Amino acid sequence: MQNNSVKIKKMKKIFNLCLVFLGVTGLTSCLDEDPFFDPEAVENVIEFYSAGNVASPATAPYPLFINSFEIVPEVDFPIVVGYSGADVAPEDITVTIGIANESVLEEYNESEGTHYELLPASVYTLPSTTVTIPKGERRATYIVKLKTNQFDLTKNFALPLTITNASTGIVSGNFNTAVFSVGAKNRYDGLYEVEGTMIDRTNAAFKGYYPKTIALVTQDLNSNSYYDYDQENVGHIFDTGAGLSVYGTFTAVFHFDDSNTTDLVDPVASVTNAAGQPVATGTMRAGMIEPTGVNKFTFAADGTPLTMEVTYTMTQTAAMVPRTTWTETYTYIGPRP
């Protein structure tokens, strides 16, 4: 279900394509030229194609595409290859695709401050090394098979791919190599509009700010961590009365009990702290589920998330003294980007 009152921010920016291309079949077009303003006037190139924008700035060394999938034994990962420009393919174009050198990922991480790791070969297969753009068409879909139930969900994986050859035409110099972020999502994963209350026992002036957009990010099959999508912060942000602040060493992780597989309601079994159980040197410690709360996650008949109702407390000091309690309702907006 979509809530139009919440605008999902676009994480993607447009890469400028190259205006001037080399006129020799099989050669790569230039990397840095003036951006084009009329796509129909630009000579066609063969490239990784995105129907929307890419998830990296124009200054990044390679485009980044972000993708997430259900946790299943095998899922298709479709990658679109395009014959981009004014014309359709003049003939069948066979495009050869391969795994890029690992240095591509290293270069991207260094440039953008990211921490992507190379997707292990054991959790994916490339059924083919080629894909064909049919004559008269502009695009073709290349399929990678992913074994998402074997992913290490504690890591950020990416698969760098490159177009190594084309039977005819010019291979793009901007989009011939790309980084594809691949993640697995459990059934609780998504964006949620959150309403609720917050009580801080040490300072009555501290209040929660609502409504807000929170992402529940997959940690494993039945656990999701809290991420403030509006503020781009993993911590729990609150209103001090004079502005916003954050509990810097506390991030809730919600753990669900899905043992009743025939029911559309899963209990929120516990809440822990992503920063550690307990935090060894900080003051913010384990999260605690409040037994007086509703503490349930509800799904629609088709399995789509509906709401999470939860009450949980952040404790403080070695004596585990209750510090802050949240009572919140999470209403599903849609998939997380």
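Predicted model: local features only at pLDDT ≥ 70, side-chain atom pairs only at ≥ 80, totals over all residues.

Visitor: Which strands make up the open sheet of four strands, and in what order?

Guide: Strands (E, at least two residues) are DSSP runs numbered from the N terminus, and two strands pair if DSSP finds at least two bridges between them. Here the open sheet has the order β1-β3-β8-β6, with antiparallel pairing. Its edge strands are β1 and β6 (124-125), each of which pairs on one side only.

Visitor: How many bridges hold each pair in that sheet?

Guide: β1 and β3 pair over four bridges, with Ile-46 opposite Tyr-83. β3 and β8 pair over eight bridges, and Val-81 has Ala-140 as its bridge partner there. Two bridges join β6 to β8, where Tyr-124 stands opposite Leu-146.

Visitor: Which side chains of β8 are buried?

Guide: Buried means under 20% relative accessible area, exposed over 50%, and partly exposed in between (1.4 Å probe, protein chains only). Along β8 the side chains alternate: Ala-140, Tyr-142, Val-144 and Leu-146 point to one face and are buried.

Visitor: How many residues are in the largest nonpolar core?

Guide: In soluble globular proteins, nonpolar side chains tend to be buried together. A nonpolar core is a set of buried Ala, Val, Leu, Ile, Met, Phe, Trp, Tyr and Cys residues joined through side-chain atoms within 4.5 Å. The largest one here has 35 residues, and those with the most contacts inside it are Phe-48, Val-81, Val-95, Ile-97, Leu-119 and Leu-146. Strands that each supply at least two residues of this core include β1 (45-48), β3 (75-84), β8 (139-146) and β10. A second, separate core of 25 residues includes Phe-250, Met-308, Tyr-312 and Tyr-332.

Visitor: What does Val-81 touch?

Guide: Contact means heavy atoms within 4.5 Å. Not counting residues up to four places away in sequence, Val-81 touches a list of residues, among them Ile-46, Phe-48, Val-95, Ile-97 and Ala-140.

Visitor: Is Thr-177 buried or exposed?

Guide: Thr-177 is found in strand β10 (residues 177-185) and counts as buried because its relative accessibility is 8%. Its side chain makes a polar contact with the side chain of Thr-162 at 2.8 Å. A polar contact is a pair of N or O atoms within 3.5 Å; within protein, one must be able to donate a hydrogen and the other to accept it, and residues adjacent in sequence count only if both atoms are side-chain atoms.

Visitor: Where is there a hairpin, and what is in its turn?

Guide: β14 and β15 form a hairpin with four residues between them. Strand β14 (residues 236-239) and strand β15 (residues 244-247) are antiparallel over four bridges, and Asp-239 stands opposite Leu-244. In the turn, Gly-241 has a positive phi of about 100 degrees.

Visitor: How many salt bridges does the structure hold?

Guide: Side chains of opposite charge can pair when their charged atoms come close. A salt bridge is a side-chain nitrogen of Lys or Arg within 4 Å of a carboxyl oxygen of Asp or Glu, and the structure holds seven. One of them joins Asp-266 to Arg-187, with the closest N and O atoms 2.6 Å apart. Asp-266 lies in strand β17 (residues 265-273) and Arg-187 in the loop between β10 and β11, so the pair ties together parts that are 79 residues apart in sequence. Asp-266 counts as buried at 0% relative accessibility, whereas Arg-187 is partly exposed at 37%. Elsewhere, salt bridges that share partners join Glu-117, Asp-152 and Lys-155 into one network.

Note on methods:
Residues numbered from 1 in each chain as written. Heavy atoms only, no water.
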